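Reader: Can you walk me through this one? I'd like to go over the ligand sites and the chain contact.

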Amino acid sequence: MAFEGLADRLQSTMKKITGKGKVSEQDVKEMTREVRLALLEADVNFKVVKDLIKRIRERAVGQEVMESLTPGQQVIKVVKEELTALMGGEQSKIAVADRPPTVIMMVGLQGAGKTTTTGKLANHLRKNHNRTPLLAACDIYRPAAIDQLETLGQQLSMPVFSKGTDANPVDIATEAIEQAKAEHNDYVIIDTAGRLHVDNDLMDELEQIKTAVKPDEIFLVVDAMTGQDAVNVADSFNEQLDISGVVLTKLDGDTRGGAALSIKAVTDKPIKFAGTGEKLDGLEAFHPERMASRILGMGDVLSLIEKA
Amino acid sequence: EKTRNSFSGKINDLIARYRKVDEDFFEELEEVLISADVGVSTVMDLIDELKMEVKRRNIKDSAEVKEVISEKLVEIYYGDDDEDLEELNIQNGELSIILVVGVNGAGKTTSIGKLAYKLKQEGKNVVLAAGDTFRAGAIEQLDVWGERAGVDVIKQSEGSDPAAVIFDGIKSAKSRNADVLICDTAGRLQNKVNLMNELAKVKRVIEREVPSAPHEVLLVLDATTGQNAMSQAKTFSEATDVSGIVLTKLDGTAKGGIVLAIRNELQIPVKFAGLGEKMEDLREFNAHAFVYGLFADLLEETAE
Ligand SMILES: Nc1nc2c(ncn2[C@@H]2O[C@H](COP(=O)(O)OP(=O)(O)OP(=O)(O)O)[C@@H](O)[C@H]2O)c(=O)[nH]1
Ligand SMILES: Nc1nc2c(ncn2[C@@H]2O[C@H](COP(=O)(O)OP(=O)(O)OP(=O)(O)O)[C@@H](O)[C@H]2O)c(=O)[nH]1
Ligand SMILES: [Mg+2]
Ligand SMILES: [Mg+2]
């Protein structure tokens with residue numbers, strides 16, 4: 001692990017403040033300083049950290065020390081509760097349209113994992129929900145993006161709708177849905193090209209696709225290794241498209257994944273799935289609570305607290 | 001020299017806003033640096049050093065602190081080293097081999113396309129080897145870039161052994177009398193031990209075939225990445241002895257500040273910056289301009 005866990009960092013601070021009746025303001029200040037560092041090292045956005053620390057301080061100061069917990073553990077308990085509350089509950093459900101096909105649109109920055117996740121979601125829908133998805137190749141910009149999606153379609157033995165790179169992405173999406181209706185595919189998953197949130201033309205293109213096909217879900221795909229910029233990205237995509245959920249990819253790496261907190265804080269949209277590998281079965285429901293522990297790097301302390 | 005001056009100039013503006021060097025000043029400086037992903041410990045150390053320096057020199061007026069800030073920032077990047085280590089190591093009269101590595105989706109294949117174009121423009125005979133035999137469409141993607149840049153791509157079918165493809169690439173490059181061979185590899189997360197071993201094997205094949213190679217091992221880092229980039233730099237270096245970084249996606253709003261800490265801790269310099277998806281969007285890296293860029297937002301605020 002690249003960083004030491006919060007638990008280790010808090011050891012010395014905690015020792016100093018055992019055996020007191022109340023958690024004092026000074027205790028909390030010292031402990032939250034460590035919490036702040038841990039969150040920043042985990043890539044939680046500094047503004048989000050600031051708000052969190054403020055709330056934690058307000059809640060922790062003046063608490064009666066419980067017999068079963070040291071003051072340090074007690075502060076951690078508050079931290080964990082705040083983080084978990086911010087992360088929200090588990091929500092891995094995917095919409096079902098009243099009239100098929102249900103349309104899912106994948107959006108996000110370059111290289112985040114949209115195309116791969118398109119394949120994974122299709123696999124998930126067939127395996128766990130008995131659905132028959134059609135994949136739509138709307139990335140006409142990235143070299144061989146269509147080949148990539150078609151290869152995934154072959155691996156899955158699933159149909160891919162494409163019109164080459166000269167067609168307009170809005171038309172491709174529209175026609176894909178017509179084909180899905182004709183062929184009785186109950187889901188259409190639209191793969192779009194990666195784009196920067198500050199690229200107005202390409203962001204407009206997404207809005208046009210949205211207007212044309214009225215998707216039931218718009219998933220923002222975000223790389224779990226994203227740093228402080230995650231708030232800008234999530235905020236811009238959400239502002240323009242009113243996304244319905246987030247997929248956090250590459251969680252099979254060793255990143256703490258603080259971006260998860262930042263995204264949740266600025267969009268208040270659920271993180272629905274986690275990408276956990278390059279293969280098409282590498283998709284899992286997102287567990288907010290586990291994510292909170294991962295960000296803090298402190299599974300051991302938490303299990304202690306849970307028992308108390 | 002010019003960029004350095006303009007950097008100091010911008011620091012001036014920042015300073016002008018705070019007449020006194022107080023806690024607020026340092027707090028804002030800290031936030032600016034952290035939001036640029038410079039890294040918590042690097043920032044804390046820097047701020048501590050600054051505070052000490054300010055005390056030592058008995059600086060009260062913010063105008064006087066500016067020198068210290070720019071000194072320290074550039075110092076973080078360069079350390080005690082010479083300032084012009086960033087040249088790409090291309091040897092004349094022999095085949096130079098560049099191995100490109102990095103995590104998934106960082107921009108390896110795209111950067112290879114851009115670099116091939118750049119070297120081709122400089123009159124070099126360039127060949128690419130499609131060492132990513134794993135990801136769907138990876139070979140086709142490199143093929144398109146080869147076409148765009150007007151260079152040959154050596155490839156085998158999807159699923160074949162990457163080391164074999166690279167071996168093949170070296171043979172072909174030699175027989176074509178190529179100046180430069182650039183090897184693409186599949187993206188991999190640095191905690192996947194098997195995949196890192198596979199990469200080390202690719203490097204060994206290169207070393208065996210051309211004793212002076214690889215001339216460069218370029219680690220491609222996505223500027224959007226946060227603190228994990230340090231772990232990437234460490235682990236990829238252990239496996240392949242990285243000689244330089246390509247920092248991609250700097251055309252977005254992310255600042256990629258972690259490269260300061262990487263340069264400082266691991267002595268790996270950034271050699272190129274990626275500024276878009278087109279062939280021409282690769283620039284030589286300028287540390288002074290980069291450091292200045294870290295402050296751009298704050299300075300814009302100042303200007304308002
Ligand atoms: N380890 C791991 N790799 C992943 C995951 N999801 C995607 N990838 C890899 O990340 C890289 C980029 O994935 P893509 O699906 O091409 O990303 P994209 O968002 O479609 O990229 P663009 O279309 O270029 O914007 C590929 O190498 C994928 O195999 C994941 O959950 N874990
Ligand atoms: N905006 C921007 N996009 C970039 C830049 N460099 C690469 N990209 C995009 O990022 C995405 C991923 O780039 P690739 O070159 O496929 O990345 P890779 O590291 O080869 O990916 P894998 O082989 O899947 O691991 C593509 O959509 C590229 O067009 C850059 O400097 N700026
Ligand atoms: Mg894609
Ligand atoms: Mg690639």
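Predicted model: local features only at pLDDT ≥ 70, side-chain atom pairs only at ≥ 80, totals over all residues.

Reader: Fine. How much area do chain A and chain B bury between them?

Author: About 3,200 Å², with 57% of it on carbon and sulfur atoms. Interface size is often quoted this way, as the accessible area lost when the parts come together.

Reader: How many salt bridges between chain A and chain B?

Author: The count is 3. In a salt bridge between B:Glu30 and A:Arg36, the side chains meet at 2.6 Å, N to O. As for polar contacts across the interface of chain A and chain B, the rule finds 19 residue pairs, with both residues at pLDDT 80 or more.

Reader: Ligands now. Where does ligand 1 lie?

Author: Ligand 1 lies between chains A and B. It is surrounded by 24 residues, and the closest are A:Gly113, A:Lys114, A:Thr115, A:Thr116 and A:Arg142.

Reader: Which helix gives the most to the shell around ligand 1?

Author: Helix 5 of chain A (residues 114-129), with 4 residues. By class, the shell around ligand 1 has 3 nonpolar, 13 polar and 8 charged residues.

Reader: What do A:Lys120 and A:Gln148 do there?

Author: Each places a polar side-chain atom by an oxygen atom of ligand 1: A:Lys120 at 3.2 Å and A:Gln148 at 2.9 Å. From the backbone, a polar atom of A:Gly277 is 3.3 Å from a nitrogen atom of ligand 1. On its own, ligand 1 has 650 Å² of accessible area, and the protein covers 97% of that.

Reader: On to ligand 2. Why is the site described as shared between chains?

Author: Because the residues that surround ligand 2 come from chains A and B. There are 24 residues around ligand 2, and the closest are B:Lys108, B:Thr109, B:Thr110, B:Arg135 and B:Glu277.

Reader: What does A:Gln110 have 3.4 Å from ligand 2?

Author: A polar side-chain atom, with a nitrogen atom of ligand 2 at the other end of that distance. From chain B, a polar backbone atom of B:Gly107 is 2.8 Å from an oxygen atom of ligand 2. The side chain of B:Lys114 has an N or O atom 3.3 Å from an oxygen atom of ligand 2.

Reader: How much of ligand 2 does the protein bury?

Author: 97% of the 660 Å² that ligand 2 exposes when taken alone.

Reader: And the shell around ligand 2, by class and by helix?

Author: By class, 4 nonpolar, 12 polar and 8 charged residues. Helix 5 of chain B (residues 108-121) gives the most to that shell, with 4 residues.

Terms used. Residues numbered from 1 in each chain as written. Chains lettered and ligands numbered in written order. Heavy atoms only, no water. Near = heavy atom within 4 Å. Polar contact = N/O pair within 3.5 Å; in protein donor to acceptor, adjacent residues only side chain to side chain. Areas by Shrake-Rupley, 256 points an atom, 1.4 Å probe, with all protein chains shown as cover. Helix = DSSP H or I, 4+ residues; strand = E, 2+ residues; numbered from the N terminus. Nonpolar A, V, L, I, M, F, W, Y, C, P; charged D, E, K, R; others polar. Buried area = accessible area lost by both parts, 1.4 Å probe. Salt bridge = Lys/Arg side-chain N within 4 Å of Asp/Glu carboxyl O.
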